[in-house]
Amino acid sequence: MISIAPNAAYITLACVYAAIAFACLVQLVRAQLRQPRCTTQKLFHAAVCACAAMRAGTFGAHHILARASAVARVLAMDLPSLVFCSAFGALAWFWSDVYHNAKRERRVGRRTFIIYVIANIAMYVFLCAVVAALARGKISDVAAMRASRRATALASSYVASMFAMYGTLLIVMLRRFPNESEGRVRKMWEVAVVASASFGACVTRAVRDATDANRASGVQSAYDLTNASALRHVIYYSSTEIIATICVLYVLRKLPPARGAYDEADDEDDIEQPFAADFDDGDGDGDGDGDGDGDSDSSD
């Protein structure tokens, strides 16, 4: 029993991530069939699908990776983490875009987007540099792991701050809408759920990764895929990715309305229009399929 339980833990993680990847893929295909344009919702589902598929492969092949080089383990464990941050960062950026457009602050919205893009480029370039230095023997395994974990901690902190800021601002903005607006309460609930789950996951990862990076034993166990670390990985990935992903996917479960043809007059990008339509209609059902974070995203 002692030897079976840890292996079962890894298989369970692999199955959960495979299910998440499949759900994202199905939603991505359905959204594409309903609305062929590129939207934030599709980008989110594609990124989460990629992250979950990589995790499923990592935990499904944990016996192989446990004996692999440090380069392979750093890539297998931290590349999906950065993809996860990019996916949830896209939602946070979308909220910032919605908020600043509502306030007629388009320049601020564009600046937020530029910062988001630069932050993404910087974190992927840094991971590539760490892996390249490790592969060439320029730095030790522990030094590379510490540097990579500090990068994921910093990226998670950035995303958490975005959700805390714009989640709060959107809820405050929604509270100012008429009380008789039925969709107002639903959207406030959806924004609160997504913001809380995403903020909690990112803060948990930031704190844990920063703590591990400061201890040689901690950072080594973070990349250990042997049976000894199975329970640690179940707790870590459940609290930093799985729960938050399931919550957001639930909020984004609805699809945007189907469109028979592309309407040039409607060319403002689904990123803005449905959210505005949802809020401008007094009943809040404007694009009934929009969701809080979702509101926008499924609007996306």
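Predicted model: local features only at pLDDT ≥ 70, side-chain atom pairs only at ≥ 80, totals over all residues.
The closest cysteine sulfur to that of Cys202 belongs to Cys85, at 5.7 Å. This is too far for a bond, because a disulfide needs two cysteine sulfur atoms within 2.5 Å.

Cys49 is also buried, and its relative accessible area is 15%. For the sulfur of Cys49, the closest cysteine sulfur is the one in Cys24, 5.9 Å away, again too far for a bond. A disulfide is a covalent bond between the sulfur atoms of two cysteines. Searching the whole structure gives zero disulfides.

## Salt bridges between helices

How many salt bridges does the structure hold? There are eight. One of them pairs Glu241 with Arg55, and the closest N and O atoms of this pair are 2.8 Å apart. Glu241 is in helix 9, while Arg55 is in helix 2, which covers residues 40–60. Glu241 and Arg55 are both buried.

Arg149 takes part in a salt bridge with Asp78, with 3.3 Å between the closest N and O atoms. Arg149 belongs to helix 6 (residues 141–175) and Asp78 to helix 4 (residues 70–102), so this pair ties together parts 71 residues apart in sequence. Both Arg149 and Asp78 are buried. Arg149 also meets Asp209 in a salt bridge, at 3.2 Å from N to O. Asp209 lies in helix 7 (residues 182–213) and Arg149 in helix 6, so here the parts tied together are 60 residues apart in sequence. Asp209 is buried, as is Arg149.

## Ser239 in helix 9

Where is Ser239 found? Ser239 is part of helix 9, which runs over residues 230–251.

The side chain of Ser239 has a polar atom 2.9 Å from the backbone oxygen of Ile235. A polar atom of the Ser239 side chain also lies 3.0 Å from the backbone oxygen of Tyr236.

Leaving aside residues up to four places away in sequence, Ser239 touches Ala201 and Thr204. Ala197 is 42 residues from Ser239 along the chain, and the C-alpha atoms of these two residues are separated by 9.5 Å.

Methods
Residues numbered from 1 in each chain as written. Heavy atoms only, no water. Buried < 20%, exposed > 50% of the residue type's maximum accessible area, 1.4 Å probe, protein only. Helix = DSSP H or I, 4+ residues; strand = E, 2+ residues; numbered from the N terminus. Contact = heavy atoms within 4.5 Å. Polar contact = N/O pair within 3.5 Å; in protein donor to acceptor, adjacent residues only side chain to side chain. Salt bridge = Lys/Arg side-chain N within 4 Å of Asp/Glu carboxyl O.
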